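Subject: Structure handover and notes

Hello,

Please find the structure below. My notes on it follow.

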Amino acid sequence: KQWYQRRVAITAGGVITFITVSAVIFFLLGVSWSDFTSFMYKFGIPGVLVTMLIVSFLQYTYVTHKAHKAHEGYPGPERESFFTGNYNQMREAQNKNQLFELLAEWVRCHGDTFVFWRHESPKFFTTDPDVIKSMLTEITIFKKADSIPNRTLFGQRITGTSSFLTVSEGQLWAQKRKVMSSYFTKIHMATMYDKMRSYIDRGLDQQFGEISRNPRETPVDLVEFYGELFQFFLGALGCDLDCDLVSGNAKFHNDIIQKILKWVPQQFRPYHEYLKLRMQPEVGETIEKVIELRKIANQILTVKRNSMKEKGFDPNDIVHHIIKGNSKTPKKDPSQEMDDMMTLFLVIDNMAKTLATFFVRVIRMPEIYTKIMEEVRGADLSSLQTMDKSLRYTEMAILECLRLHPTLMRGIRIAKKDVNLNNGMKVRAKSLIFFGQLILHKNPKYWSDPEEFIPERFAQGSATIAPFTYLPFVAGPRVCMGKHLAMLSMKLSIVGTLRKFHLVPVPGEEKEMEWDNRFTIVRPTKGHMVHFLSTAGA
């Protein structure tokens, strides 16, 4: 929006400047009005275009210089050039999957909070726990960014900016949060435990069907396997167990989600690359699938609205919570309910990515894997409470997995007004400030042997962890509502998997592990192909 406003201002400025300057020159030279209008008729358009270019260049230069002066003396990497700042350096690092290594190096060189430059715009980056605490808890000073391009796919709406996860603030956020959060409390998870356990078991049985027939010859992609499982699980939670719209179509849903996650981050490119990318056939196909998925979401909502009218509100139905959360919003927009449904389809996949990462790690660490296997086989699954008590080491391993590979590697907030940070830096209103979980989770100031996978570091829970240094679910008023659901479903999936199968890497990848850290959501790219070997008789 700001970019278009600036272009309109430059266009208007170019027209006015060209006409005004031309008129003054002609007046001083004593040229008649008819000659002036004739000149404008012949040379007006090219003259305006040239003037627009000059005005645009002068304005861009002035804005950039003004921003540089306003942030003079602030710590941060040196700009590579006056106009592009650090953009090319960061772009190159991102293409090499080294962006977070670059940011970590800047933290080491310039301190916990610094400024980097994306063209003429200064961006703040921090791993300071005190600053992050302020960003996440002081909602009168900072707000969630509401104009991030990943809400759409090349212009096609995915989740928009009004879902319970993407909406930035205000009455809409408060209403949705109030209604939706009641579903995700640990107390409610306890009442839903038996049902959830049966859903996970049935989903796994469905996934295991093909594996059992050919365990050695066909390697399994963990990302795909658990992606399909959790789309089934979501369908069971919100759309009834045998609903063909979701649970019976989990593979179709997962394929769409993976394509969305593949292409959405690639929108962050220069305009000429963006347009070239948009013309690729697979992008067009993905956009069509997004439209289809939103139609499915609308079908589900229609069915659920009717069931609410006939039987009333069901507190165990997640879609009923979506409908209720939107019923009292200031602006009743049907597309907002679809945004919420699309958000569910996408965020449930975060559990799949974490679970895939968990197994990629632990199956290559025999001592840890053996402890988990022993704990799983003796676990008491009779209730949520007994499960949590008997899977303590497994939980520690999940938490350690989320430390090294947080689902979201960085977050963004916008300053609602001028803010003075604890190191004397001033963040001006409307400025973006990033916080980096991935870097914070590996900072040796807060973690001993930060690169090592050590579940025991969570043996005492959060007692030994410095506040706001461990943020897999973020924190504050916008803490992840689904964290209890995520932990519950991942534990049940681990138990359901390891009680029936032993996972081994495919030959040649016994020690191979690699993750894609280029964009917001992490996913394994090496080590995720495994064989499921039956534990029957073991």
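How many salt bridges does a search of the whole structure find? The search finds 26, where a salt bridge is a side-chain nitrogen of Lys or Arg within 4 Å of a carboxyl oxygen of Asp or Glu.

Before the details, the basis of the values. This is a predicted model, in which local features need pLDDT of at least 70 and side-chain atom pairs count only at pLDDT 80 or more, while totals for chains, interfaces and linings use all residues. Residues are numbered from 1 along each chain as its sequence is written, and side-chain values use heavy atoms, with hydrogens and water left out.

Salt bridges

R157 pairs with D339, and their closest N and O atoms are 2.4 Å apart. R157 belongs to strand 5 (residues 156-157) and D339 to helix 13 (residues 334-362), so this pair ties together parts that are 182 residues apart in sequence. Helices (H or I, at least four residues) and strands (E, at least two) are DSSP runs, numbered from the N terminus. R157 is partly exposed at 29% relative accessibility, whereas D339 is buried at 0%. Here buried means under 20% relative accessible area, exposed over 50%, and partly exposed in between (1.4 Å probe, protein chains only).

D317 and K304 form a salt bridge at 2.7 Å, N to O. D317 sits in the loop between helix 11 and helix 12 (318-327) and K304 in helix 11, so the pair ties together parts that are 13 residues apart in sequence. D317 is buried, with a relative accessible area of 6%, and K304 is buried with a value of 6%.

E292 and K289 also meet in a salt bridge, at 4.0 Å from N to O. Both lie in helix 11 (residues 281-311), and because they are three residues apart, about one helical turn separates them. E292 is partly exposed at 34%, and K289 is partly exposed at 29%.

A network of salt bridges links K186, D388, R392, E395 and K491.

Helix 4

Helix 4 (residues 99-110) has twelve residues, which at 1.5 Å a residue should span 16 Å; its end C-alpha atoms are 16 Å apart, in agreement. The expected span is 1.5 Å times one less than the number of residues. The buried residues of helix 4 are L99, F100, L102, L103, A104, W106 and V107. What covers them includes helix 3 (87-95), strand 1 (113-118), strand 2 (121-126) and helix 17 (437-440), with contact meaning heavy atoms within 4.5 Å. Just after helix 4, G111 has a positive phi of about 100 degrees.

Strands

Strand 7 (residues 411-415) is mostly covered, with five of its five residues buried. G411, R413 and A415 point one way from the strand and I412 and I414 the other way. Strand 7 pairs antiparallel with strand 3 (residues 142-144) over three bridges, where two strands pair if DSSP finds at least two bridges between them. One of the bridge partners is A415 for F142. Strand 7 also pairs antiparallel with strand 10 (residues 432-435), over four bridges, and I414 has L432 as its bridge partner.

Elsewhere, three strands form an open sheet in the order 6-14-11, with antiparallel pairing. Its edge strands are strand 6 (220-221) and strand 11 (501-505), each pairing on one side only. Two bridges join strand 6 to strand 14 (residues 529-534), and V220 has V530 as its bridge partner.

Regards
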